[in-house]
Amino acid sequence: VTNEEMSEVLKGLIDPNKKTLIFAANCWLLPIVYVGLKDIDLITSDSIGLLGFDNTEWTVLSSPTVTTIVQPAMEEGRAAAKILIDHIEDLCVEAPQQILPCTVNYMDSTI
């Protein structure tokens, strides 16, 4: 999806007079949505919020800054390694699916 295509999609979906929160589910989609909103002058609107999911360092450098859900990358790696070793050694001790706590880095895009 290009930035221009995203701008067109957003224009068709968003009513600037209605409070809206857009959730970009990964680090690839978030900048495309951000630029799409910026291109149609909605990124600074008081009624439009933007929330991303991933550890994206650029979001603190943008204007406005973007709220993100931050994943515990180091803990994810450790858990994945434990699960893999557990599976290789056929121990069945580690849960194959785990939920790790995330944090929200609140920034300008949702204030």
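A nonpolar core is a set of buried Ala, Val, Leu, Ile, Met, Phe, Trp, Tyr and Cys residues joined through side-chain atoms within 4.5 Å; buried means under 20% relative accessible area, exposed over 50%, partly exposed in between (1.4 Å probe, protein chains only). The model is predicted: local features need pLDDT of at least 70, side-chain atom pairs count only at pLDDT 80 or more, and totals for chains, interfaces and linings use all residues. Residues are numbered from 1 along each chain as its sequence is written, and side-chain values use heavy atoms, with hydrogens and water left out.

**Exercise 1.** Determine which elements give two or more residues to the largest nonpolar core.

*Solution.* This core has 15 residues, and Leu-10, Ile-14, Ile-22, Val-33, Leu-37 and Leu-50 have the most contacts inside it. Two or more residues come from each of α1 (3-13), β1 (20-24), α2 (29-39) and β2 (48-53), where helices (H or I, at least four residues) and strands (E, at least two) are DSSP runs numbered from the N terminus. The largest share, four residues, belongs to α2.

**Exercise 2.** Classify Ser-109 as buried or exposed, and identify the backbone oxygen that its side chain reaches.

*Solution.* Ser-109 is in the segment after β4 (103-105). Its relative accessibility is 7%, so Ser-109 counts as buried. The side chain of Ser-109 reaches the backbone oxygen of Leu-50 at 2.5 Å. A polar atom of that side chain also lies 2.8 Å from the backbone nitrogen of Thr-67.

Definitions and conventions
Polar contact = N/O pair within 3.5 Å; in protein donor to acceptor, adjacent residues only side chain to side chain.
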